[in-house]
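The following note sets out points for a colleague to check against the model.

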Amino acid sequence: MAADFLALLDHYAQDPMGGGSGLSAYARAHLVERLRSRPGFVALMAYRGDRPAGLINCMEGFSTFAARPLLNVHDLVVHGDFRGQGIGLLLLQGAEALARERDCCKLTLEVLEGNHGAMSVYRRAGFLPYELDPRMGRALFLEKKLG
């Protein structure tokens, strides 16, 4: 199962939507053990027969405004051989069921603006751009890389 997990995540990382360079040797060697040690991490995998077809990685966070946990979809991967078959939507529905079991107030995720296929799946699953007050606009996802 760990090999399938890494293969799917590497497939995603090789795609332009995942950065285009694949997983580093360090990530391949340490990712599974480090994720296992994180209490708020959950992953679901989808198979077609014996082939790994999809993966969703989620991390539990906390909403200070709602005073409840939230579940962030960190990665959603559907192998290129299986796209367009509803696997992404099924994985999102699985994550939603887990979030409800954990009494989460919401699911969150980020997506690249040009990833129109993913946006279509997210809309079908009920995701909307985040805003508190329409006058203030939508939230932006920012990062600061640390060495």
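1. In the hairpin formed by strand 2 and strand 3, 4 residues lie between the strands, and Ala67 there takes a positive phi near 55°. Helices (H or I, at least four residues) and strands (E, at least two) are DSSP runs, numbered from the N terminus. The model is a predicted one, in which local features need pLDDT of at least 70 and side-chain atom pairs count only at pLDDT 80 or more, while totals for chains, interfaces and linings use all residues. Residues are numbered from 1 along each chain as its sequence is written, and side-chain values use heavy atoms, with hydrogens and water left out.

2. Strand 2 and strand 3 run antiparallel and are joined by 10 bridges. Two strands count as paired if DSSP finds at least two bridges between them. Opposite Phe62 stands Pro69 in strand 3.

3. Strand 1 is likewise antiparallel to strand 2 (residues 51-63), with 8 bridges joining them. Val42 has Cys58 in strand 2 as its bridge partner, and Tyr47 has Pro52 in strand 2. The hairpin of strand 1 and strand 2 has 2 residues between the strands, and Gly49 takes a positive phi near 65° in this hairpin.

4. What is the order of the strands in the open sheet? The 4 strands are arranged as 1-2-3-4, with mixed pairing. Strand 1 (41-48) and strand 4 (107-109) are the edge strands, each pairing on one side only. From one strand to the next, the twist averages 30°. Strands of a sheet pair through backbone hydrogen bonds, either parallel or antiparallel.

5. Helix 1 (residues 2-14) lies across strand 1, strand 2 and strand 3 (68-78), and runs at about 85° to strand 2. Helix 3 (residues 87-101) lies across strand 1, strand 2, strand 3 and strand 4, at about 160° to strand 3. Axes are lines fitted to C-alpha atoms, for helices over the stretch in contact, and angles run from 0 to 180 degrees between N-to-C directions.

6. How many salt bridges does a search of the whole structure find? The search finds 8 (a salt bridge being a side-chain nitrogen of Lys or Arg within 4 Å of a carboxyl oxygen of Asp or Glu). One of them joins the side chains of Arg28 and Asp10, at 3.0 Å from N to O. This pair links distant parts of the chain, with Arg28 in helix 2 (residues 25-36) and Asp10 in helix 1, 18 residues apart. Asp10 is buried at 9% relative accessibility, whereas Arg28 is partly exposed at 40%. Buried means under 20% relative accessible area, exposed over 50%, and partly exposed in between (1.4 Å probe, protein chains only).

7. The side chains of Arg51 and Asp81 also meet in a salt bridge, at 2.7 Å from N to O. Because Arg51 lies in strand 2 and Asp81 in the loop between strand 3 and helix 3, the pair ties together parts that are 30 residues apart in sequence. Arg51 is partly exposed, at 37% relative accessible area, as is Asp81, at 47%.

8. A further salt bridge pairs Arg68 with Asp103, their closest N and O atoms being 3.2 Å apart. Arg68 lies in strand 3 and Asp103 in the loop between helix 3 and strand 4, so the pair ties together parts that are 35 residues apart in sequence. Arg68 is partly exposed at 31% relative accessibility, and Asp103 is partly exposed with a relative accessible area of 45%.

Conventions
Contact means heavy atoms within 4.5 Å.
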